[in-house]
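Hi there,

Here is the model I promised to pass on.

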Amino acid sequence: MSKYDVIIIGSGPGGYVSAIRCAQLGLKTAIIEKYATLGGTCLNVGCIPSKALLDSSEHYSKAVHEFSEHGILVDAPKIDFAQMIARKQSVVDQTCDGVKFLMSKNKIDVHYGTGSFIDATHVKVAKTEGGEETLEGKNIIIATGSKPIELPFAKFDKERIISSTEALKLKEIPKHLIVIGGGVIGLELGSVYQRLGSEVTVVEFMDSIIPTMDSTMGKELQRTLKKAGMKFNLSHKVSKVSRKGDEVTVTATNKKGEEVAITGDYCLVAVGRKAYTAGLNAEAVGVKLDDRGRIETNDHLQTSVPTIYAIGDVVKGAMLAHKAEEEGVLVAEILAGQKPHINYNLIPGVVYTWPEVASVGQTEEELKAAGVAIKIGSFPIRALGRARASMDIDGLVKIIADAKTDEVLGMHIIAARAADLIMEGVTAMEFRASAEDIARMSHGHPTYSEAIKEAALAATDNRALHV
Ligand SMILES: Cc1cc2nc3c(=O)[nH]c(=O)nc-3n(C[C@H](O)[C@H](O)[C@H](O)COP(=O)(O)OP(=O)(O)OC[C@H]3O[C@@H](n4cnc5c(N)ncnc54)[C@H](O)[C@@H]3O)c2cc1C
């Protein structure tokens, strides 16, 4: 029987990053993965393939709508969809191979198969190649991630009623894609197909899209996506999804109580994801789950069984790859006797639509509900020279600071490359900067980041320079 200091179940961004950090700290480490490739949801059917298709579709959209304005004349651009999907797959394959390389570089043993607990220190691996083996670990980290939520009345048939996984490998571009759920995944994949020419209708239960982010972001994003042609049915409660041949009909009730039926050829159900623990046998060895099926942990991500820890999508908190990574590092360092810390308030949230949306810290709604006296500075992206040069004029930067101390409490950006820009907010807030600190820093010209300086100037004493 192989013996380890640490056994990690699941090779997503939580698991594989944790394995690397454990190995760096001198711990003998094994990772178990039931799929044929490493990298989990993020690399195989999440972050990476979705961004590959978002980039391809964005190139196509620019060729159709913007090239002529730039003075570039091309005959009507055509889509080779099979090639687009093949390129996405090659990006995924390269990235997964990269993780495999990192495992061998760090001398981490990879066991392909399904892991399940025997007791607090032993895991049985039902090997992919057949047979079983038992591994012993002083500590075990559960990093088994999450799966798409299935609506009881809209079972995935994986052909026409699909989850994000199938949406990343369709054989054709839908004529009319109905997206249930106006959250991050629905809007990103909806954007891909809207840019490629599909009619896209988003049906959302809440009265705004990306409802957990600052409300200004949802409003501005809806405006720009609507301008691009996406349709929105907000405050609609879906009650039925039915399929007849190649047609899918979504039935919902609107705010007035009227029944609305929308018919398309594909329906993407993107109503969230749930923690995945099936087959793990965790509860049998004493690991407690919460009322939402997530593994319960203390502040050190230790479960109710002291030798077992859990990280990433399978525990509470934002379902984000970089949150899973931070937790993987935290547990590795705890096991090595260190005292690490994660500032969960500063984990940025990103939506890779175009414009992108990114935020860190608290929203205006959260701060007002908490009774915090705040001041807000905003700056429109269209006022930037950089934005006009690239024709990416939609969006704004919103900085929220404490009214008394001027400390930045939240930064919310909707703009080209907001996903990268938000790191200025994360850095500033990690060092507890004031809005004036940001306002007084020189920002390169012409850049999108000038909008952050201008919003900070606006928050400081309403002295933005370029509006
Ligand atoms: C379409 C889409 C787009 C996304 N885009 C982004 C994005 O842009 N940015 C971002 O931060 N996040 C994004 N996410 C979310 C991100 O993918 C997840 O937050 C992240 O993958 C969670 O990492 P994890 O390590 O907790 O679990 P996962 O990545 O889900 O990995 C869990 C792994 O455990 C394995 N496993 C499960 N049970 C067992 C078992 N018993 N034995 C062995 N192996 C097992 C699974 O096969 C899987 O490989 C996206 C998700 C989706 C679906």
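Helices (H or I, at least four residues) and strands (E, at least two) are DSSP runs, numbered from the N terminus. By that naming, α2 gives the most to the shell around the ligand, with 4 residues. Please keep in mind that this is a predicted model: local features need pLDDT of at least 70, side-chain atom pairs count only at pLDDT 80 or more, and totals for chains, interfaces and linings use all residues. Residues are numbered from 1 along each chain as its sequence is written, and side-chain values use heavy atoms, with hydrogens and water left out.

The ligand is surrounded by 39 residues (a heavy atom within 4 Å). The closest are E33, T41, K51, G115 and A321. By type, the shell holds 16 nonpolar, 18 polar (Gly counted here) and 5 charged residues.

For polar contacts (N or O pairs within 3.5 Å), a polar side-chain atom of E33 sits 2.7 Å from a ligand oxygen. The protein covers 96% of the 1,000 Å² of accessible area (Shrake-Rupley, 1.4 Å probe) that the ligand has on its own.

Elsewhere, have a look at α7, residues 215–228. Its buried residues (under 20% relative accessible area, 1.4 Å probe, protein chains only) are M217, G218, E220, L221, Q222, T224 and L225. Just after α7, G229 takes a positive phi of about 120°.

Best wishes

Definitions and conventions:
A polar contact is a pair of N or O atoms within 3.5 Å; within protein, one must be able to donate a hydrogen and the other to accept it, and residues adjacent in sequence count only if both atoms are side-chain atoms. The expected span of a helix is 1.5 Å times one less than its number of residues. Buried means under 20% relative accessible area, exposed over 50%, partly exposed in between (1.4 Å probe, protein chains only).
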